[in-house]
Amino acid sequence: MCGIVGYIGKADAASFLINGLRRLEYRGDDSAGLAVMEDGRIAVAKSPGKVSTLSDRARAEWPADRFERATTGIAHTRWATHGPPTEVNAHPHLDRSGAIALVHNGIIENYRGLRARLEAKGHLFLSETDTEVLAHLIGDCDKGDVFQAVCHALHQVEGTFGIAVLTAREPGKIIAARRGSPIVIGVGEGETIVASDASAILAHTQRVIYLDDNDIAIVSADSVDIRDLNNVPVIREIAELGIDAAAAEKDGYEHFMLKEIHEQPHSLANAIRGRLDFNLGSAVLSGMGTSARELAELGRVVLVGCGTSLHAGLVGEYAFEDLADLHAEVQQAAEFRYRNPILGSRDLVVAISQSGETADTLAAVREARQKGAFVMSLCNVVGSTIARETGRGVYLHAGPEISVASTKAFTCQVAVLLMMALKLGRGRRFCRDEGIRLAREIERIPQFVEEVIRLDEPIAAIAESYAMTEHAFFIGRGPMFPVALEGALKVKEISYIHAEGYHAAELKHGPIALLEKDTPVIAIACDIPGKDKTLGNIEECRARGARILGLITDGDQEAAAHMDDAIAIPRCHPLVATIPAAVALQLFAYHLARHRGCEIDQPRNLAKSVTVE
Ligand code: F6R
């Protein structure tokens, strides 16, 4: 969603901040701004649109030597919540005196009341944002010590925030704080970076400090002093990011999404490496932090997440039931957190989140912990809030996912869920030999995916012939049902084609009314249990003139005969097959979007990490 960068050190702050914002642009944005400190005054530039527009504007309007002289500043890319993406609504926002500048991620829920109170005291507001209210509130609390003023203001706000504050009165400092919206501080040599996401930091330093909720940091070029909101010092360790800066580059690919799809044999190998035990026929997932006895006593697994992560959870549901004989259910995190879920100490709640920052998933984690369930996470971003708050779980090791549309995180989530189900299954249901057979299949996932990636060109050609459609249906059964949902989600988010995923049996309960001549139906009809039924459903669609693109198992002539077009994926275990099937649909969605000329890595209206409800 929104992105924050702050810099204090020896370099040209404006250029540093603009480069930092570019690294955060992938998160989705619609306007941007920056503020730098120059000769004890704050200079601000803002603009609707992309970071490049902001950069052009700052370079055109600011004196050239500002770029050389200013070495402290804060910057922001905005994903509009309160008010449209206009220049005036863009951050940074200033307080009444113009001596305090603020950038903010999150939502100040009680901003209306605070604004009315401040207006009664004579404050005038220029924007429609909640953030400007916080800037004025800090100014209003300022009795000569801006740190104290920030503390007082934050005590009064309800909602979520990650903030960076610049003040003309104390030019050698940036104040940063968080509650519910991440802030990470990069500790360099004579320079310090404040950011909402490590992507803005990793090219400069690997040494970072993650703020916890209600931490407030006073940052200078060579120090980071962290306190709580009552001004009591707290200790936060310096951690190593451990991410190669090159991993966040396009590396010659036209889009990050294509690069990330192609990376999957590698990212899956990383997710799986060292986690399969071929001797015991089980999986080694020490991060789960549970004893064999605790696992054996589990009564239920509840998987929570949003969007693509929710779809991975739906595949996991089949895996836990099929492999581990465990009652499993999936809940959308936003629903879970408010519906009073019935949970107890024999329930395992698995929070699934690529970013580890999704607001609803984080709240679901807190709800589940409150109710005494075993809670663990499947996150990709190391050190993310969900990973830290759960304290146990399994990292995906997929590497940075920059494209807004999630691809490699999904397949790694499914691979890790299969390994969890294998581990639980060995403790509860199947024998060593069965475990070894499944472990061997999981080990081959990167190879199966490699085979699908080799189909990139033929899939691109098929996609071209579907590119002008306005509607599409995706159908599947069993573990391929969530893959159908995920395929439809990929298509709609990057190509803007209206695509819906359904259980193959569900079409005739209503949606089939929408089928017309040549309406595309993308049917996952791999050779797994339920295939014959799916082929029957395909015939129902063909009888109504639909055009069928089938995902079939390599060599399955019977299934191929039902399709207008077909993509063949390797023959493998039905649960394992969800991964190559998903990759084929990712490529299809990508090429549809490319043929339609869409902005693939940053689709309209979307943000990479959804840190608001
Ligand atoms: C779709 C997509 C989103 C995310 C969702 C949850 O391609 O990326 O649907 O999956 O916003 O995000 P995480 O996994 O970061 O919690």
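Modeller: In sorting residues by class, Ala, Val, Leu, Ile, Met, Phe, Trp, Tyr, Cys and Pro count as nonpolar, Asp, Glu, Lys and Arg as charged, and the others, Gly among them, as polar. By class, six nonpolar, two polar and two charged residues make up the lining of the second largest cavity. This is a predicted model, in which local features need pLDDT of at least 70 and side-chain atom pairs count only at pLDDT 80 or more, while totals for chains, interfaces and linings use all residues. Residues are numbered from 1 along each chain as its sequence is written, and side-chain values use heavy atoms, with hydrogens and water left out.

Biologist: What makes a space a cavity?

Modeller: On a 1 Å grid over the protein atoms alone, a cavity is a set of points where a 1.4 Å probe fits but cannot get out; lining residues have an atom within 4 Å of a point. A volume is the space filled by probe spheres set on the points, which are joined across faces, edges and corners. By this rule there are two cavities of 30 Å³ or more.

Biologist: Which residues line the second largest cavity, and what is its volume?

Modeller: Its volume is about 50 Å³. Among the lining residues are Arg477, Met480, Ile524 and Lys531.

Biologist: What is known of the largest cavity?

Modeller: The largest cavity has a volume of about 110 Å³. Of its 16 lining residues, Cys2, Trp79, Thr81, His104 and Gly106 are the closest to its centre. By class, the lining comprises five nonpolar, nine polar and two charged residues.

Biologist: Why is Asn110 called buried?

Modeller: Buried means under 20% relative accessible area, exposed over 50%, and partly exposed in between (1.4 Å probe, protein chains only). Asn110 has 16% relative accessibility and therefore counts as buried. Asn110 lies in the loop between strand E6 (100–105) and helix H4 (111–120); helices (H or I, at least four residues) and strands (E, at least two) are DSSP runs, numbered from the N terminus. With contact meaning heavy atoms within 4.5 Å, Asn110 touches Gln156, Val157 and Glu158, not counting residues up to four places away in sequence.

Biologist: What makes E17 and E18 a pair?

Modeller: Two strands pair if DSSP finds at least two bridges between them. Strand E17 (residues 300–305) and E18 have six bridges, in the parallel sense, and therefore pair. Arg300 stands opposite His327 in E18. Both strands belong to an open sheet of five strands, in the order E18-E17-E19-E20-E21.

Definitions and conventions. On a 1 Å grid over the protein atoms alone, a cavity is a set of points where a 1.4 Å probe fits but cannot get out, and a pocket is an open set with protein on both sides within 12 Å along at least five of seven lines; lining residues have an atom within 4 Å of a point.
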